[in-house]
Amino acid sequence: MPSLKDLKNRIESVKSTRKITKAMQMVAAAKLRRAQESAEEARPYAERFNAVMADLAASVGGSDSAPKLLRGTGSDQVHLLVVMTAERGLCGGFNSNIAKLARNHAQRLQAEGKTVKILTVGKKGRDAIKRDVGELFVGHVDLSNVKRLSYADAQGIAKQVLTSFDAGEFDVATIFYSKFVNVVTQVPTAQQIIPAKFETAEEPSATALYDYEPSEEAILAELLPKGVATAIFSALLENGASEQGARMSAMDNATRNAGDMIDKLTIEYNRSRQAVITNELIEIISGAEAL
Amino acid sequence: MADTMQFDLVSPERRLASLPVSAVRLPGAEGEMTAMPGHAPVITTLRPGVLRIESPEGTSEFVVTGGFAELGGESMSVLAEKAVPLSEMTRAHLDELIEDARTAHEAAKAAPEVEQNLVDEAAKLLADMEALGDHMSL
């Protein structure tokens with residue numbers, strides 16, 4: 001049975017924990033709004049871009065002259081997994097969900113006899129999968145000093161990926177990130193970026209009518225590397241929103257749990273206090289009776 | 001024929017403009033071109049330059065550093081890699097861009113296995129950037 005003083009200390013410490021989680025929740029809520037805004041602002045670009053690329057890819061894709069980024073290298077022996085997670089923890093299952101998806105993917109590929117290389121973005125994911133597949137790491141991108149994600153950050157990662165693709169270091173690249181659905185739902189997603197895949201429009205729109213300046217091939221060759229950067233950028237933004245959403249709901253839960261715990265401890269504290277008073281009374285009364 | 005068409009200027013980070021326009025002059029890969037409503041559908045890449053938008057409410061100008069434009073008869077979208085309103089463009093900002101282009105050019109020249117056309121491209125980019133500075137009379 002803890003003493004009254006112990007209980008009081010416990011209550012105080014849970015109260016200050018609740019203050020911290022409450023503050024983190026509010027900070028996450030504010031950041032979430034910003035992250036969602038930037039994800040929404042980036043959407044028109046990505047949508048237009050993918051539409052144009054899908055048209056182009058549909059008209060050029062079949063031929064042998066198509067760029068490697070679209071056609072692939074002709075084999076799928078070496079896979080590069082780009083695992084994008086947060087730089088910070090305390091955001092529920094966010095990091096571990098992405099890590100789990102990437103780890104399973106890597107192990108399945110290995111079981112099929114493929115070679116797997118892993119590039120990590122974000123410290124937490126790196127730590128999470130280090131134990132199982134750490135020997136496959138080929139690089140790490142540190143974004144912990146980045147306050148607000150910009151396209152340049154995505155370009156940096158894309159450049160790293162493209163350089164190693166040009167050097168023939170891998171055949172297929174897949175990015176892992178969390179898609180933001182709403183505050184309580186984030187879906188860990190794997191998306192193949194090299195060779196590029198585009199959702200083709202359901203009906204062939206007015207595509208055949210376009211004139212291309214310079215040629216279709218030249219435009220495609222110029223745009224494909226940008227497509228990689230665009231895909232990475234939207235993944236980073238989705239990830240940013242998901243991270244804040246996950247943190248917000250995790251901290252909301254934590255705050256509520258702390259509240260429950262305070263209630264429970266307070267009841268226990270009052271009970272013991274009353275027990276002590278009752279005891280004292282009994283002692284006084286029985287002392288008086290004995291006289 | 002309508003006298004305006006829908007115009008969108010978007011960069012990866014945000015949407016910069018979305019309005020009905022009567023004419024747009026853009027720095028296409030194969031020369032400046034002006035697009036007006038009813039233009040034949042074209043997809044073109046852009047080189048660094050000034051994008052001039054004429055709308056019923058007046059004209060506005062943006063500096064773009066590359067990207068591509070998609071023209072349909074009734075609508076037009078420009079997907080710029082980086083776009084800055086001309087009024088916000090400063091010499092320092094431009095110098096930064098020129099510096100980037102120069103570094104890229106040097107890197108292309110220095111790398112032995114790079115094909116010649118890449119070096120040319122980098123040189124062209126550099127020249128375009130410098131021409132842009134003259135154009136803006138900064």
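From the N terminus on, chain A runs α-α-β-α-β-α-β-α-β-β-β-α, a total of 6 helices and 6 strands. Helices (H or I, at least four residues) and strands (E, at least two) are DSSP runs, numbered from the N terminus. The model is predicted: local features need pLDDT of at least 70, side-chain atom pairs count only at pLDDT 80 or more, and totals for chains, interfaces and linings use all residues. Residues are numbered from 1 along each chain as its sequence is written, with chains lettered from A and ligands numbered from 1 in the order in which they are written.

**Overall form of chain A**

The C-alpha trace spans about 110 × 40 × 35 Å along its principal axes. The radius of gyration of chain A is 28 Å, whereas a compact globule of 291 residues would have one near 19 Å; the radius is taken over C-alpha atoms, and the globule rule is 2.2 Å times the number of residues to the power 0.38. Buried residues make up 33% of the 291, a residue being buried if 20 or more other C-beta atoms, placed from the backbone, lie within 10 Å of its own.

**Helix H5 of chain A**

H5(A) comprises residues 151-166 and reaches 22 Å from its first C-alpha to its last, close to the 22 Å expected at 1.5 Å a residue; the expected span is 1.5 Å times one less than the number of residues. Its buried residues are A:Tyr151, A:Ala154, A:Gln155, A:Ile157, A:Ala158, A:Val161 and A:Phe165. These residues lie on the same side of H5(A) because they cover an arc of only 165° around the axis, the arc being that of the directions from the helix axis to the C-beta atoms. They pack against H6 of chain A and the strands tabulated here, with contact meaning C-beta atoms, placed from the backbone, within 7 Å.

| Strand of chain A | Residues |
|---|---|
| E1 | 78-84 |
| E2 | 115-121 |
| E3 | 137-141 |
| E4 | 172-182 |
| E5 | 185-194 |

After H5(A) comes A:Gly168, whose phi is positive, near 75°.

**Contact with chain B**

Chain A contributes 21 residues to the contact and chain B 20 residues. On the chain A side, helix H1 (4-60), strand E6 (211-213) and helix H6 (216-290) each give two or more residues, and H1(A) gives the most, with 7 residues. E6(A) is joined by 3 bridges to strand E5 (residues 42-46) of chain B, and the two run parallel; strands pair if DSSP finds at least two bridges between them. Within this pairing, A:Asp211 stands opposite B:Val42 in E5(B).

Conventions:
Buried ≥ 20, exposed ≤ 12 C-beta atoms within 10 Å, placed from the backbone. Contact = placed C-beta atoms within 7 Å.
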